[in-house]
Structure formats: structure tokens, C-alpha cells
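Q: Please take a close look at one part of this structure, beginning with a single residue and its contacts. Then set that part within the rest of the chain.

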Amino acid sequence: MAVSEIPARSGDAPGRPARTPRRPRGEGQWALGHREPLNPNERIKKDDDPLNVRDRIENIYAHRGFASIDPQDLRGRFRWWGLYTQRKAGIDGGRTAVLEPHELEDEYFMLRVRVDGGQLDLAQLRMIAEISREFARDTADITDRQNIQYHWIRVEDMPEIWRRLESVGLQTTEACGDCPRIVLGSPVAGVAEAELVDPTSAIDEIVRRYVGDKQYSNLPRKFKSSISWLVDTPYEANDIAFLGVDHPDHGPGFDLWVGGGLSTNPMLAQRLGVWVPLAEVPDVWAGVVGIFRDYGYRRLRHRARLKFLVADWGVAKFREVLEKEYLGRTMLDGPAPELPDKPIDHIGVHVQRDGRNYVGAAPVVGRVSGSQLAQLADVVEAHGSGRVRLTPYQKLLVLDVPPGRTESLVDGLRGIGLEARPSAWRRGTMACTGIEYCKLAIVETKALGEDLVARLEQRLRDFDADISIHINGCPNACARTQVADIGLKGQLVTGPDGRQVEGFQVHLGGGLGMAEGRTSGFGRKLRGLKTTAEELPEYVERLALRYLAGRTEGE
Ligand code: SF4
């Protein structure tokens with residue numbers, strides 16, 4: 001239809017030609033020709049690949065100091081090397097939304113070290129500890145994505161930190177930013193009795209081929225991956241997940257899920273219904289990332305995750321595009337994996353398939369220090385082991401423990417503050433970074449979580465049910481607010497005297513990775529279900545007591 005034939009809209013003046021309708025702006029998808037940046041984040045990435053900033057850090061900023069850093073590098077490209085400026089101390093959560101970025105930030109950085117699959121040997125563990133003590137004021141949090149997160153890092157120290165990390169095979173490349181983040185893996189990959197295929201080789205190959213590759217370093221937003229045989233990662237909260245499945249005709253392989261993500265518009269990943277053999281996992285992974293890069297929405301940051309594309313296309317179209325445009329072949333249909341009746345966290349003593357044991361232990365809310373990790377390395381070595389794994393629940397495992405040394409190891413871990421037989425509270429509580437260091441935070445999380453666990457251990461020591469409590473400092477849900485029994489979203493709430501104070505919106509009854517009958521899903525967010533931070537321990541205690549009073553046989 002010619003433009004002049006378009007009927008005039010009611011608002012058009014009589015006698016004047018009808019206005020040309022505005023072309024839809026589109027979503028900024030590269031594959032549809034939108035190559036011009038539609039927002040400042042896209043502009044920064046287009047102007048200079050963020051991976052290039054490392055050269056400037058090493059050769060300019062590390063010598064000239066914080067004040068010399070270009071703001072676009074500081075608040076944009078630095079993230080591709082795991083660096084965020086940390087929050088200035090003493091700024092309360094009420095000012096988070098009103099201050100400019102430069103007013104919120106300190107001259108120190110948070111630095112994330114990616115530990116793909118969560119796998120560390122003793123040399124790596126000792127190096128993490130050494131860097132923590134020398135450059136990070138003894139901080140070294142275990143994140144819920146199996147990363148190590150330092151604080152108090154100075155830009156001047158980055159060249160030496162990279163040199164030391166890389167000397168033991170660790171890196172910070174693309175630990176943050178709009179790129180492929182750490183690949184989650186089962187903490188018991190290669191040792192679990194129930195595992196039919198160890199996917200570690202696929203994780204390693206993905207990291208080797210694609211991390212740091214400029215073909216994949218400019219994505220619409222972050223891209224989260226999980227590859228495990230067992231259901232022991234929060235796979236449904238990832239952009240892509242491969243989960244072990246035994247195909248009746250083709251044998252063990254992986255079931256592919258896409259489009260998960262939490263944050264402010266939470267969605268669970270969906271099955272594509274295909275079976276992927278181990279050797280093809282890296283290619284299929286690259287195909288899905290390619291779709292995200294080319295078709296992902298880039299106009300609005302809050303719509304730029306893969307989940308929105310999957311929701312709009314549906315899985316049938318997604319599979320068709322993956323097969324036709326990215327893989328050039330049809331994929332095999334596959335069965336759904338069996339899901340356990342509750343999430344697996346590996347805490348405690350368990351037998352490996354080679355007869356030795358692995359021991360899962362809990363720090364409190366993932367908070368450990370470099371000194372503690374150095375002691376851990378000594379304890380682990382003294383008990384004949386050389387391997388440690390980080391879990392996506394802010395916990396850690398020691399592998400390969402001879403049965404005769406296991407109880408001694410459990411005692412040794414306890415002696416350095418890591419508990420292999422923790423209370424339900426310590427076992428199930430996670431906390432994000434929160435207001436101590438995070439510029440987006442509205443409330444305190446880590447110290448609050450430590451206090452919460454201590455008080456609940458005192459008051460309800462014998463609580464015998466599995467319970468998950470996820471404490472988040474703002475709506476971004478880094479500690480997975482929506483998928484906990486008790487999910488806490490940080491915000492200001494009205495205190496008893498009518499003033500705004502730190503508190504939480506409460507989500508109840510969420511969960512991931514569970515079989516039919518206890519299906520995964522988001523917790524209910526009920527209007528009015530809020531608590532102040534101060535009242536949180538009493539609030540959780542009341543919920544727990546009500547649950548105990550009302551639970552049914554076997555629940
Ligand atoms: Fe920061 Fe919010 Fe994420 Fe917590 S949930 S780490 S406060 S962005």
C-alpha cells in the first residue's frame with residue numbers, strides 16, 4: 001500500500017495529507033540490520049571492543065592511577081576483565097538511586113576470578129589466597145556462580161594480579177560484562193557415582209575456544225551457562241544449560257535448555273527437546289550464543305537478555321533457527337532428564353565412584369578470607385587430597401579423601417570455620433554482595449546473613465528440614481531471590497516509627513531443579529509480605545515454627 005493510501009487517523013487535520021506512520025524502532029537486533037548503537041552501552045562496545053581495555057590498564061592506568069581512567073572504560077569496559085568499582089563506604093541505601101555513579105564509587109575495585117566448573121587445584125587455591133592477602137585486604141568471597149570475588153583491589157596492582165593468576169591457569173577474562181560469563185559445572189564432575197558422562201572436557205573446550213574471542217565479546221548483555229550431568233546447579237536460571245540425559249537409542253548425552261534468567265523479569269529456561277552428545281556441546285553452545293549476539297534485543301538494557309527472545313520466538317522457532325542458520329543440520333530429538341525430588345548441594349561426606357570420599361563444607365553465606373583459604377589448602381593437602389571445588393550455593397567441596405582420613409578432615413575443616421555438618425540455617429542461607437561493596441545495593445546482606453544464621457542456630461538449633469534463604473541487596477536477584485523457600489529482595493520499608501529503614505520484600509516457596517510434584521517455580525510475592533532487616537530473624541523464626549506446626553507426614 002502506498003503511503004498516501006493509509007487512512008488518516010482521527011487526530012489528522014482534515015484536508016492535510018495523512019502523517020506517515022513511524023516505522024517500528026525495532027529491538028536493535030543486528031541480524032535485522034540494526035548495527036547503529038541505540039544506547040550508551042551499545043555505543044561503548046561498538047567504539048572499542050571491551051577486551052582491548054586490558055592493554056590500557058597494564059600500560060597506562062596501572063602507572064597513572066585511578067584518576068587517569070577514562071569513564072567509559074571505568075564504568076563500561078573494565079567489567080570484561082572482572083573489574084567493577086566498589087561502593088564508597090558509608091553511603092546508605094536510600095541514596096543509591098539518587099547519586100551519580102561517580103558519587104557512589106570508591107577508588108577500589110571488586111575483582112571476579114572465574115573458576116569455570118568450580119574446579120581448583122592446590123596451586124590455584126594457594127594463589128587465590130596469596131593474592132587475597134597481598135592485594136585484597138584478605139577478602140575472597142565464594143559467589144553463587146562459583147567465582148571468587150575480591151574487594152579493595154587497586155588498578156595499580158592489576159598487572160601483577162593477572163600475572164600471578166595466569167601463572168596457575170586462572171583468569172578474570174569476561175568474568176563480568178556483556179559476554180559469556182563463567183560456565184557453571186557440577187562440583188562433583190568426574191567423581192560422582194551417579195554421573196554417566198563428565199562434561200568437564202566440554203566446559204574446558206568452550207573456555208579455550210570462546211572466552212576472550214572477539215566474535216563473542218559483544219553480546220546484548222551477560223550470557224550465563226551451566227553444563228552438568230547431575231541436577232546440582234541452578235540450571236533453569238541460566239541463558240543456556242546442558243543437563244545429563246540417557247537417550248534410549250543413542251546413550252548418554254545432554255538435554256539443552258535456553259532462556260532462563262532471574263533479575264526483575266524472572267523466567268525459567270525451557271527445553272528445546274534435543275539430545276546433544278558430549279563432543280557437540282561446544283558447537284551447540286556457540287550456536288546459541290550466536291543467536292543471542294545476532295538476534296538478541298539491544299535497544300533496551302532491561303530487555304536485552306536471551307530470555308526475552310526465547311519468550312517471543314518460542315522454543316520451536318529457536319530450535320529451527322539454531323539448526324538452519326547456526327549448525328547447518330538437524331538435531332536429534334531427546335528425552336527429558338530425570339529430576340531429583342530436591343536440589344543437591346553435596347554438603348557432608350559422600351562416597352566417590354573410586355571409593356574415596358568427597359566432603360562438602362559450608363562457610364557462612366560464602367564469606368571466606370584468603371587466610372582461611374590458605375589454611376584450607378594445608379588441611380586438604382595434609383589429608384591426601386589435591387582438589388577443591390566451589391559450588392553455586394556459596395559452599396566448597398574437598399575431593400579424593402581416603403576413607404580413613406575423612407573424619408580427621410571434617411575436624412580440620414571445622415577448625416578453620418568450614419562446617420561439613422552445618423545446621424539447616426547455615427546450609428541453606430546465601431547472600432549477595434550487598435551494600436558493603438555493591439553500588440546498586442539498597443540494603444546490607446552478608447553481615448546480616450551471618451547474624452541471621454547465628455541467631456537461628458541459637459533459637460532453633462534442631463530445625464530438621466531443608467530450607468533455603470536467599471538474601472539480596474536489591475531487586476537484581478544476584479542471589480536468586482525468586483527460587484528460594486524464603487527469598488528476600490532488599491528495599492526500603494516502613495519501620496515501626498514510620499521512617500524508611502532497610503528491609504525486604506519476601507518471596508515464599510520458590511525452588512529449582514526438582515521433580516514433578518515439587519516442580520520448579522518462583523516463590524509467591526505477596527503484597528505486604530515485608531520485614532525490616534532488624535526484624536528478619538524473628539520473622540524467619542515465626543515462618544519456620546508455623547511450617548513445623550503445619551507440615552504433613554514425610555514433608
Ligand atoms: Fe548488588 Fe543487588 Fe546484585 Fe546484591 S542483588 S549483588 S545488591 S546488584
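A: Leaving aside residues up to four places away in sequence, Arg56 touches Tyr61 and Asp73. In this predicted model, Arg56 belongs to helix α2.

The loop between α1 (40-47) and α2 (53-64) holds Pro50. Pro50 is buried, because it has 25 C-beta neighbours inside 10 Å. Beyond four places in sequence, the residues that Pro50 touches are Lys45, Gly76, Arg77, Trp80, Gly177 and Ser217. Of these contacts, Ser217 lies 167 residues away along the chain, yet its C-alpha atom is 7.6 Å from that of Pro50.

Another loop residue, Arg95, sits between β1 (83-87) and α4 (101-104). Arg95 counts as exposed because it has 11 C-beta neighbours inside 10 Å. Its C-alpha atom is 8.2 Å from that of Ile442, although 347 residues separate Arg95 and Ile442 in sequence.

For Ile128, the contacts beyond four places in sequence are Val113, Ala140, Ile148 and Leu373.

Ile128 is also among the buried residues of helix α5, together with Gln124, Leu125, Met127, Ala129, Ile131, Ser132 and Phe135. An α-helix has 3.6 residues a turn, so residues three or four places apart point the same way. Helix α5 covers residues 122-135, and its 14 residues should span 20 Å at 1.5 Å a residue; the C-alpha atoms at its ends are 20 Å apart, so the length agrees with expectation. The elements covering the buried residues of α5 include the strands β2 (105-113), β3 (119-121), β5 (148-153) and β14 (387-390), along with the helices α6 (158-167) and α11 (370-382).

The chain just beyond α5 has backbone angles worth noting. Arg137, just after the helix, takes a positive phi of about 50°. Asp138 has a phi near 70°, a positive value in a residue other than glycine. The place of Asp138 is the loop between α5 and β4 (141-142).

Just after α10, Gly328 has a positive phi of about 70°.

A positive phi is also found at His346, where the angle is near 65° in a residue other than glycine. His346 lies in the loop between β11 (332-333) and β12 (348-351). His346 counts as buried because it has 21 C-beta neighbours inside 10 Å.

Around it are Cys432, Thr433, Gly434, Cys438, Leu440, Ala441, Asn472, Gly473, Cys474, Asn476, Ala477 and Cys478. This shell comprises 7 nonpolar residues, 5 polar residues and no charged residues.

Finally, the confidence of the prediction should be considered. The protein chain has an average pLDDT of 92, and 92% of the residues score at least 70. Residues 1-15 have a pLDDT below 50, and this stretch has 9 contacts in the model beyond near neighbours in sequence. Over residues 515-519 the pLDDT likewise stays under 50, with 6 contacts beyond four places in sequence. Where pLDDT is low, the predicted coordinates should not be read in detail. For the model as a whole, the scores are ipTM 0.99 and pTM 0.92.

How values were computed. Residues numbered from 1 in each chain as written. Predicted model: local features only at pLDDT ≥ 70, side-chain atom pairs only at ≥ 80, totals over all residues. Contact = placed C-beta atoms within 7 Å. pLDDT = per-residue confidence, 0-100. Helix = DSSP H or I, 4+ residues; strand = E, 2+ residues; numbered from the N terminus. Expected span 1.5 Å × (residues − 1). Buried ≥ 20, exposed ≤ 12 C-beta atoms within 10 Å, placed from the backbone. Near = placed C-beta within 6 Å. Nonpolar A, V, L, I, M, F, W, Y, C, P; charged D, E, K, R; others polar.
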